[in-house]
Amino acid sequence: MGAVAALATLAVASCDQWSGSGRERGASGWEPTSGGGRRPASTDREECPRPQSLYQRSGEFNDQEQQIRHLRRQAFRGDFFAQLELGSRYQALNETDNNIRDPIEAAVWYAMALANSDGFTPVNTQARRGLFDRLRPVSSFDDCRNYERWRAYGRLNGLLNRMSGDEREAVRDRVIYILSTQDAEGFRTLGRLHDAMYGPFGEPADNREGRDAFQGGRRNGRRHHALQAATSLFDRNDVDAYLFNYLAMETGDVSAYVLLRDFERSSASRSGYAAFVESKARRWTAPFEFYPPEAPPSGVPHSDESRARGDAADIALQRMGELPFVHVGRAFRYLGVTTGVPLGVGSMTRREVETFEAMLGHPMEGRLSYLERVRAIQFASERGSSEAQLVLAVMYSEGIGVPADYARAFYWYEEAARQGSPEASFALSTFFALGVAGVADQDKAEAVVHRLESALTGFRPSVTRLQAVLAQVSRSQR
C-alpha cells in the first residue's frame with residue numbers, strides 16, 4: 001500500500017507542473033469516489049492537463065497562426081496532446097477556430113493521437129493491482145488519458161461518417177505519410193494499424209478504449225455502439241502488416257528485425273508472404289513527396305514539419321549545394337514565386353524568399369535553407385512541372401538533397417516521361433535495360449520502346465544509340 005500511495009503522489013505531483021488549455025482545473029481533474037475508485041469531477045475536468053509548452057508564443061504571427069504552427073511541429077514529433085489539440089482546433093470545437101475548420105485535417109490528427117503509443121502505454125507499470133486483484137492504473141493521469149482516447153474515437157467516427165470515400169482516402173494517405181517520415185518507429189506503427197492481432201489503432205488487443213470502439217461497450221452507465229467508421233479506417237490484412245514491418249526492418253533498426261521475425265512466426269501463413277512482400281516493398285513509395293501544403297480560408301497552411309532522420313538524410317541534404325541553383329530557380333518561376341529564373345540565392349529578393357516560406361507554412365525568415373530548396377523542386381513536381389520532375393528523379397537517383405531511392409526516382413522519371421520529357425524516357429530505357437533492384441525488372445523490349453520515344457524527340461544520346469543499333473541490324477541483313 002505504501003508503494004501505491006507513493007506512486008500516486010508522484011504522479012499527481014508531476015501533473016501539478018502542467019497547466020490547462022484555457023480553463024482552470026485541478027492537478028488531476030479526477031476525484032475519488034466513496035468506493036475507492038475514481039470518477040470525473042466534472043465534464044470540463046475529464047481532460048488531462050496540457051503541457052504549458054503547447055501554447056508558447058514567439059510574436060512572429062498572430063496567436064492563432066503561431067499556435068497552429070507550433071502545435072504542428074510538436075504533433076509531427078509525436079506529442080500525444082498536440083495531436084489531440086490539433087484535432088479539436090481543425091474540428092472548430094471553439095467558435096474562434098471556425099476560420100480553420102477542416103474535417104479531413106481534424107480526422108488526421110485524431111487518428112494520429114489514437115495510433116500514438118503514448119496514449120495507451122501506462123505511465124506506471126508497478127503495483128497496479130487493486131481491489132479483487134484487478135489490474136488498473138494507479139495514476140489519475142492514466143485515467144484521464146484513457147478518457148481522452150475514448151473521446152477521440154467518438155470524434156473521429158463522427159467526422160468519418162460525414163465523409164466521402166475520397167475524403168477518407170485522403171485521411172489515410174496523410175496518416176501514412178506522417179508515419180512514414182518517422183523511420184522504423186513509424187513503419188512499425190503502420191504495421192500494427194494493419195495487423196488484426198492488435199486493436200483498431202495498433203493498441204493492445206485488450207485495451208478498453210479500442211475494444212469498446214470495435215465492439216461497443218458501456219461508459220458512465222450508458223451503452224455505446226461500435227464505432228465502425230473509425231475502426232475500419234485502415235484495412236486489416238497480413239500483407240500490408242508484413243509490408244510495413246519489412247519497411248521498418250529496411251531502415252536498419254535491429255528491434256524491427258526481431259519484430260518482423262516474431263510477426264512471421266505468429267501465424268503459419270505469414271512466413272509464405274516473404275518473397276511477395278519483399279518485391280512490393282522495393283516499389284513502395286509514400287503517398288506524398290511532402291505534406292500537402294493546402295490552406296483553409298484562414299490562410300494558415302498545412303505545413304510539413306517532418307524532418308529527415310539519420311546520417312544518410314543529413315549527408316544527402318548537405319549535397320544539395322551540388323545541384324546547380326538554376327534548377328531551383330526554374331521551380332520558383334513555375335510556382336510563380338519569381339517572374340524570371342534566379343541563378344543564385346543572391347538573385348532573389350527577401351520578399352520572394354518569404355513568399356515561398358509562407359507557401360510552405362515555414363517561419364518567414366528570408367533565408368533559403370537547403371531543405372527549402374528541396375521543397376521547391378518537390379512542390380513544382382507535385383504541381384506538374386516536367387522539368388522539376390526530371391530533376392527530382394535525378395536527385396533520388398544520386399542521393400542529392402534526398403536519400404537515394406530508386407523507387408521514387410523511377411516514379412518521377414515516369415511522370416516526366418508522360419509529359420514528353422525525352423531525357424526521362426532515356427532514363428527509363430536504362431532502368432529496363434539493366435533492371436534495377438526489383439523497381440523495374442529487366443525488360444529489353446520495354447527498354448527499346450522508351451529509347452525510341454526519346455530518340456524520336458531528338459534527344460542526342462538516344463539518337464546516337466539508335467543509329468548504332470540500326471547500323472548493326474543493316475549489316476546483319478546483308
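**Note on contacts, salt bridges and a surface patch**

1. Apart from its neighbours within four places in sequence, Ser 88 is in contact (heavy atoms within 4.5 Å) with Leu 93, Tyr 110 and Arg 155. Ser 88 is part of helix H3, residues 80-91; helices (H or I, at least four residues) and strands (E, at least two) are DSSP runs, numbered from the N terminus. Ser 88 counts as buried because its relative accessibility is 15%; buried means under 20% relative accessible area, exposed over 50%, and partly exposed in between, with a 1.4 Å probe and protein chains only.

2. This is a predicted model, in which local features need pLDDT of at least 70 and side-chain atom pairs count only at pLDDT 80 or more, while totals for chains, interfaces and linings use all residues. Residues are numbered from 1 along each chain as its sequence is written, and side-chain values use heavy atoms, with hydrogens and water left out.

3. How many salt bridges does the structure hold? There are 20 salt bridges, each being a side-chain nitrogen of Lys or Arg within 4 Å of a carboxyl oxygen of Asp or Glu. Side chains of opposite charge can pair when their charged atoms come close.

4. One of these joins Lys 280 to Asp 240, with the closest N and O atoms 3.3 Å apart. Lys 280 sits in helix H12 (residues 274-283) and Asp 240 in helix H10 (residues 238-250), so the pair ties together parts that are 40 residues apart in sequence. Lys 280 is partly exposed, at 32% relative accessibility.

5. Glu 322 and Arg 319 also form a salt bridge, at 3.0 Å from N to O. Glu 322 has a relative accessible area of 48% and is therefore partly exposed; Arg 319, at 27%, is partly exposed as well.

6. In the salt bridge between Asp 405 and Arg 408, the N to O distance is 3.8 Å.

7. A network of salt bridges links Arg 72, Glu 105 and Arg 174.

8. On the surface, Val 254, Tyr 257 and Val 258 make up a nonpolar patch with about 280 Å² of accessible area together. Patches consist of residues with over 30% relative accessible area and no salt bridge, like charges being joined within 9 Å and nonpolar side chains (Val, Leu, Ile, Met, Phe, Trp, Tyr) within 5 Å; accessible areas come from the Shrake-Rupley method with a 1.4 Å probe, and for residues only the protein chains shown count as cover. Tyr 257 belongs to helix H11, residues 254-265, and is partly exposed at 39% relative accessible area.
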